[in-house]
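Please read the following report alongside the sequence and the coordinates.

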Amino acid sequence: MTISLTRLDPAGQDRAALIDFMTRNDFPFHVRVHPSAGDVEGAIGKGAYRDEDNDSFWIDHRELGRIGFLRFEDLSEGTPLFDLRLDGPFRGRGLGVPVLSAATAHVFSTMPSVNRFEGQTREDNIAMRTTFVRCGWLKEAHYREGWPVNGGAPLASTAYSILRRDWETGQTTTFDWDDLSAWHVSAQHDVAHPSHTETTKEEPHHGR
Ligand SMILES: CC(C)(COP(=O)(O)OP(=O)(O)OC[C@H]1O[C@@H](n2cnc3c(N)ncnc32)[C@H](O)[C@@H]1OP(=O)(O)O)[C@@H](O)C(=O)NCCC(=O)NCCS
């Protein structure tokens, strides 16, 4: 395996290295682009890197050494999410694909009760979205204006997942986005919503 995951101890021996990693990198597609040392210390104190829901790892590459950070989230919910951050010098080199593959293998091979593994990213994080697709993940949602942007208009959040059976077979399964048509209901995007017509109807009349 080219990639290995090394569990880190955020409140102990890895504390200084974790603060250093988070504060010397930019994360342009995260809500907090430049975390401060205080932000990271606060997150460590709250258990955001390791508690019953979260667990964090260094990403180690056989030839390149330590190339980034990975956190599993929502571990007590049954469907984990993740936060993947490559170190600046290792971005833009296609390393996201083997890293996400290793993260997926870690989840399905060490967490027997987990059937789905999920990830979300901002709509304009094309590198991450390409990485999802190249690893066999399926886009399942596009949450319009669901991603707050500091000082700007909100962007969409896109959601991807991989199922255990897809990982086992190497075949990505999909679903029918237009499944309502089986019930003879067709989507109508160009008509006023009932809520809109309702509001219009109830508008007070001004003047006589
Ligand atoms: C997101 C991340 C994991 C992606 O991994 P990566 O190895 O750096 O991905 P790459 O930059 O090699 O991009 C993958 C592909 O997307 C393409 N791509 C990236 N940005 C693009 C853009 N703006 N337009 C078109 N294509 C783009 C790349 O060209 C590449 O395709 P190629 O191999 O055919 O050239 C990594 O960049 C990272 O850690 N970024 C910072 C943290 C982050 O955003 N994490 C995601 C939140 S979960």
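Predicted model: local features only at pLDDT ≥ 70, side-chain atom pairs only at ≥ 80, totals over all residues.

Residues are numbered from 1 along each chain as its sequence is written, and side-chain values use heavy atoms, with hydrogens and water left out.

The chain has six helices and seven strands, where helices (H or I, at least four residues) and strands (E, at least two) are DSSP runs numbered from the N terminus. Along the sequence these elements follow the pattern β-α-α-β-β-β-α-β-α-β-β-α-α. Of the 208 residues in the chain, 38% are buried, a term that means under 20% relative accessible area, with exposed meaning over 50% and partly exposed lying in between (1.4 Å probe, protein chains only). The accessible surface of the chain comes to about 12700 Å², and 51% of that belongs to carbon and sulfur atoms; such areas come from the Shrake-Rupley method with a 1.4 Å probe, and for residues only the protein chains shown count as cover.

D14 is placed in the loop between β1 (3-7) and α1 (15-24). Leaving aside neighbours within four places in sequence, D14 is in contact (heavy atoms within 4.5 Å) with L8, D9 and W58. The side chain of D14 also reaches the backbone nitrogen of D9 at 2.7 Å.

Y143 lies in strand β6 (residues 138-149) and is partly exposed, with a relative accessible area of 43%. Not counting residues up to four places away in sequence, Y143 touches Q120, L155, A156, S157 and A159. Q120 and Y143 are 23 residues apart in sequence, and their C-alpha atoms are 9.9 Å apart in space.

The ligand is surrounded by 17 residues, of which the closest are L84, L86, G92, G94 and G96; a residue counts here if one of its heavy atoms lies within 4 Å of the molecule.

| Residue and atom | Distance to a ligand oxygen atom |
|---|---|
| G92, backbone N or O atom | 2.8 Å |
| N125, polar side-chain atom | 2.9 Å |
| T130, side-chain N or O atom | 3.5 Å |

The protein covers 67% of the 930 Å² of accessible area that the ligand has on its own.

How values were computed:
Polar contact = N/O pair within 3.5 Å; in protein donor to acceptor, adjacent residues only side chain to side chain.
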